[in-house]
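Here are a few exercises to work through with the model open beside you. Try each one yourself before you read the solution.

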Amino acid sequence: MERLRGKTLLVGLTGGIAAYKAAELVRLLTKSGAGVQVVMTRAAQQFITPLTLQALSGRPVLTDLFDLGLESEIGHIQAARSADAVIVAPATANVLAKMAAGIADDYLTTVLLATEAPVIVCPAMNAKMYAHAATQDNLSVLRRRGVMVVEPEAGSLACGEEGPGRLADLSLIVEAACRALTPQTLSGARIVVSAGPTWEPFDPVRFITNPSSGKMGFALALEASRRGAHVDLVTGPTALAHPPFVATHRVTTARDMEQAVKALARDAQAVIMAAAVSDYRPEDTAPQKIKKSDDDLVIRLVRNPDILAGLGADKQPGQILVGFAAETEQLLENATEKLRKKNLDLIVANDLTQPGAGFRCDTNVVKILDRSGGVEALPCLSKEETARRILDRIEALMRITKPGSDSR
Ligand code: PMT
């Protein structure tokens with residue numbers, strides 16, 4: 001969540017049972033390095049005390065529009081001005097109605113009217129109240145005005161009913177804040193990202209693979225999606241959860257990955273292959289577990305398709321193709337050769353011998369090579385930051401590459 005570091009987030013709590021979950025939200029946001037200013041309505045204070053939120057945010061909680069001390073410098077206007085984003089969680093039907101109507105009768109609704117920062121609402125209420133035409137109309141009005149709505153989850157509610165109305169998972173709310181703070185520079189673009197290893201089985205319980213965790217590819221997918229792109233993530237088997245707001249396609253073998261990537265790449269402006277695809281697979285897969293015997297076991301391996309080379313050979317006009325090169329020797333020579341052979345626009349050279357680089361870790365050390373021979377050497381960075389730098393380069397190429405002008 002590096003995106004939130006140093007930002008000021010105003011979190012508004014309204015009066016619903018999910019207010020207790022907002023305490024954990026405030027803790028997560030504060031932990032991510034954001035300054036969190038909590039505002040509570042009178043009803044919210046019936047569910048959870050300002051003292052709890054003050055302890056978690058490290059700042060006095062704003063509750064009273066007519067507080068002689070805090071309001072001596074028109075604090076609610078300052079709070080509205082200083083926020084980089086405003087999150088209302090939980091947002092009751094009542095506050096949504098007030099927002100839609102432009103009513104400003106307490107601290108929170110006044111700030112909401114005065115702020116120019118992006119606003120995120122996270123509705124949580126009884127399922128019938130949520131489904132009511134008035135609530136849905138109010139949400140439509142707010143969406144039209146650019147308010148981001150993090151939909152509630154369906155499930156059993158505190159009132160005993162079932163249905164949509166539970167506050168969204170907190171990871172989704174935190175991700176919505178990251179998005180709200182990210183310039184939408186890839187809005188309208190479609191990007192395909194591959195991640196993780198492939199599994200190449202030789203019997204039902206054994207396979208050939210590599211140590212890829214998927215972290216690099218997932219970081220790229222999340223960042224591209226934060227910038228407004230429609231992202232299809234094609235991933236081999238990993239332990240990572242689906243990144244929020246990203247269309248995730250889980251595959252197993254290189255041939256599965258090829259099929260999925262090829263189909264999705266047809267409509268994509270950029271394809272980024274961060275997956276560690278197995279170059280070989282066992283020629284045969286035994287239908288049953290191979291029994292141990294006294295003899296050695298010989299498995300013949302055959303070539304897998306090279307997915308990226310296939311995309312490069314059949315490149316769509318204006319499409320940006322980005323590969324990775326995981327190397328243990330002659331980094332630049334090998335990466336340059338792959339860039340040329342696979343007809344790529346960029347290749348991200350990964351020296352696996354460097355500490356903090358490559359498989360599994362949360363950091364990476366890469367060099368970005370382009371077709372003109374340019375080499376950008378990045379220091380050891382988090383995979384999140386490495387993804388940002390790679391996407392900056394892709395964006396720059398997308399700006400100069402127009403469909404039909406594939407003359408580079
Ligand atoms: O997943 P992590 O644990 O975060 O680790 C990240 C990573 C080390 C996997 C990643 O940073 C990385 O380097 N990925 C590429 C690994 C790799 O397979 O490199 P390669 O040099 O073998 O392949 C070159 C390029 O061709 C890659 O873009 C690869 O996706 C692609 N390829 C390779 C073989 C094949 N059959 N089909 C392909 O498309």
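**Exercise 1: a helix and its buried side**

Task: In this predicted model, list which residues of α14 are buried, then check the length of α14.

Solution. Start with the burial list for α14: K383, E384, E385, T386, A387, R388, I390, L391, I394, E395, L397 and M398. Buried here means under 20% relative accessible area. Next comes the length. α14 has 18 residues, and at 1.5 Å a residue they should span 26 Å. The end C-alpha atoms of α14 are 26 Å apart, which agrees.

**Exercise 2: the whole chain**

Task: How many helices and strands does the protein chain have, and what percentage of its residues is buried?

Solution. Go through the elements and you get 14 helices and 21 strands. Then turn to burial: of the 408 residues in the chain, 50% are buried. To finish, take the extent of the C-alpha trace along its principal axes, which comes to about 80 × 50 × 40 Å.

**Exercise 3: the second largest pocket**

Solution. Begin with the pocket itself, whose volume is about 620 Å³. It is lined by 25 residues, and those closest to its centre are M1, A219, L222, R226 and E384. Now see which elements give two or more residues to this lining: α1 (19–31), α9 (170–180), α10 and α14 (383–400). The most comes from α10, with 6 residues. Sort the lining by type and you find 11 nonpolar, 4 polar and 10 charged residues.

**Exercise 4: the largest pocket**

Task: Find which residues are closest to the centre of the largest pocket and how its lining divides by type.

Solution. The largest pocket has a volume of about 810 Å³. Its lining holds 35 residues, and A275, A276, V277, F324 and A326 are the closest to the centre. The elements giving two or more residues to that lining are α10 (215–226), α12 (307–313), β16 (320–327) and β17 (346–351). By type, the lining residues of the largest pocket divide into 16 nonpolar, 12 polar and 7 charged.

**Exercise 5: an enclosed strand**

Task: Is strand β11 largely enclosed or exposed, and which strands pair with β11?

Solution. Count the buried residues of β11 (residues 230–235): 5 of the 6 are buried, so the strand is largely enclosed by the rest of the structure. Then look at its partners. β8 (residues 190–195) runs parallel to β11, paired over 6 bridges, and I191 stands opposite V231. β12 (residues 247–250) is also parallel to β11, joined by 4 bridges. There, D232 has A247 in β12 as its bridge partner.

Terms used. Residues are numbered from 1 along each chain as its sequence is written. This is a predicted model: local features need pLDDT of at least 70, side-chain atom pairs count only at pLDDT 80 or more; totals for chains, interfaces and linings use all residues. Side-chain values use heavy atoms; hydrogens and water are left out. On a 1 Å grid over the protein atoms alone, a cavity is a set of points where a 1.4 Å probe fits but cannot get out, and a pocket is an open set with protein on both sides within 12 Å along at least five of seven lines; lining residues have an atom within 4 Å of a point. Grid points are joined across faces, edges and corners, and a volume is the space filled by probe spheres set on the points. Ala, Val, Leu, Ile, Met, Phe, Trp, Tyr, Cys and Pro count as nonpolar, Asp, Glu, Lys and Arg as charged, and the others, Gly among them, as polar. The expected span of a helix is 1.5 Å times one less than its number of residues. Buried means under 20% relative accessible area, exposed over 50%, partly exposed in between (1.4 Å probe, protein chains only). Two strands pair if DSSP finds at least two bridges between them.
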